[in-house]
Amino acid sequence: ETIRLDQNNVKAHYNIGIQYGKIGDFLSAIDEFKKVVSLKPDYPEAHYNLAISYLGLNMPDIGAAKLHLNTAERLGYKIDYALLEHLKKLELDEDKR
């Protein structure tokens with residue numbers, strides 16, 4: 001309802017993205033988080049969750065995930081070390097293909 005009334009509601013798009021991520025619908029989550037960062041580019045949590053969503057895809061988009069993780073970190077979000085290690089492993093696996 002809120003989105004229908006206000007397409008620029010950052011909080012609503014963010015919360016919908018979170019819910020899509022929770023049910024594993026990462027493509028829909030990506031769509032919502034992209035709307036959030038287009039409306040509010042300095043929202044570190046949205047960049048972080050966008051990165052996580054890119055990594056959740058069947059064929060992870062490692063480049064997009066790195067871009068948004070780096071942006072989230074630059075904006076002050078503390079990135080978990082285990083996630084960075086996971087990303088490095090995915091990059092190595094991708095290089096082997």
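Me: At what angle do α5 and α6 pack, and how far apart are their axes?
Reply: Helix α5 (residues 62-74) and helix α6 (residues 81-96) pack at about 150 degrees, and their axes are 11 Å apart. Axes here are lines fitted to C-alpha atoms, for helices over the stretch in contact, and angles run from 0 to 180 degrees between N-to-C directions. Helices are DSSP runs of H or I with at least four residues, numbered from the N terminus.

Me: What kind of model is this, and how are residues numbered?
Reply: This is a predicted model, with residues numbered from 1 along each chain as its sequence is written. Local features need pLDDT of at least 70, side-chain atom pairs count only at pLDDT 80 or more, totals for chains, interfaces and linings use all residues, and side-chain values use heavy atoms, leaving out hydrogens and water.

Me: Back to the pair. How are α5 and α6 oriented to each other?
Reply: Given that angle, α5 and α6 are roughly antiparallel. The cut-offs are under 35 degrees for roughly parallel, over 145 for roughly antiparallel, 65 to 115 for roughly perpendicular, and oblique for the rest.

Me: Is the crossing of α5 and α6 left-handed or right-handed?
Reply: The crossing of α5 and α6 is left-handed, meaning that the near helix is turned anticlockwise from the far one by less than a right angle; clockwise would be right-handed.

Me: Which residues meet there?
Reply: From α5, I62, A65, K66 and L69; from α6, L83, L87, L90, E91 and E94. Contact means heavy atoms within 4.5 Å. The residues of this contact divide into six nonpolar, no polar and three charged. Ala, Val, Leu, Ile, Met, Phe, Trp, Tyr, Cys and Pro count as nonpolar, Asp, Glu, Lys and Arg as charged, and the others, Gly among them, as polar.

Me: And α4 against α6, what's the geometry?
Reply: The axes of α4 and α6 come within 12 Å and cross at roughly 40 degrees. That makes α4 oblique to α6. The crossing is left-handed.

Me: Which residues of α4 and α6 touch?
Reply: Y48, I52 and L55 in α4 meet L83, L87 and L90 in α6. These divide into six nonpolar, no polar and no charged.

Me: How many α4 residues are buried?
Reply: Ten of the 13 residues in α4 are buried. Buried means under 20% relative accessible area, exposed over 50%, and partly exposed in between (1.4 Å probe, protein chains only). Among the buried ones are P44, H47, N49 and Y54. What covers them includes α2, α3, α5 and α6.

Me: Switching to α3. Which residues are buried there?
Reply: S28, A29, I30, E32, F33, V36 and V37. Their cover includes α2 (10-22) and α4 (44-56).

Me: Where is Y43, and what does it contact?
Reply: Y43 sits in the loop between α3 and α4. Leaving aside neighbours within four places in sequence, Y43 is in contact with V10, Y14, V36 and L75.

Me: Is Y43 buried or exposed?
Reply: Y43 is buried, with a relative accessible area of 18%.

Me: What about P60, where is that?
Reply: P60 is in the loop between α4 and α5. P60 is partly exposed, at 22% relative accessible area. Apart from neighbours within four places in sequence, P60 is in contact with Y54 and L55.

Me: How far is P60 from L87?
Reply: P60 and L87 are 10.0 Å apart, C-alpha to C-alpha, and 27 residues apart in sequence.

Methods:
Helices (H or I, at least four residues) and strands (E, at least two) are DSSP runs, numbered from the N terminus.
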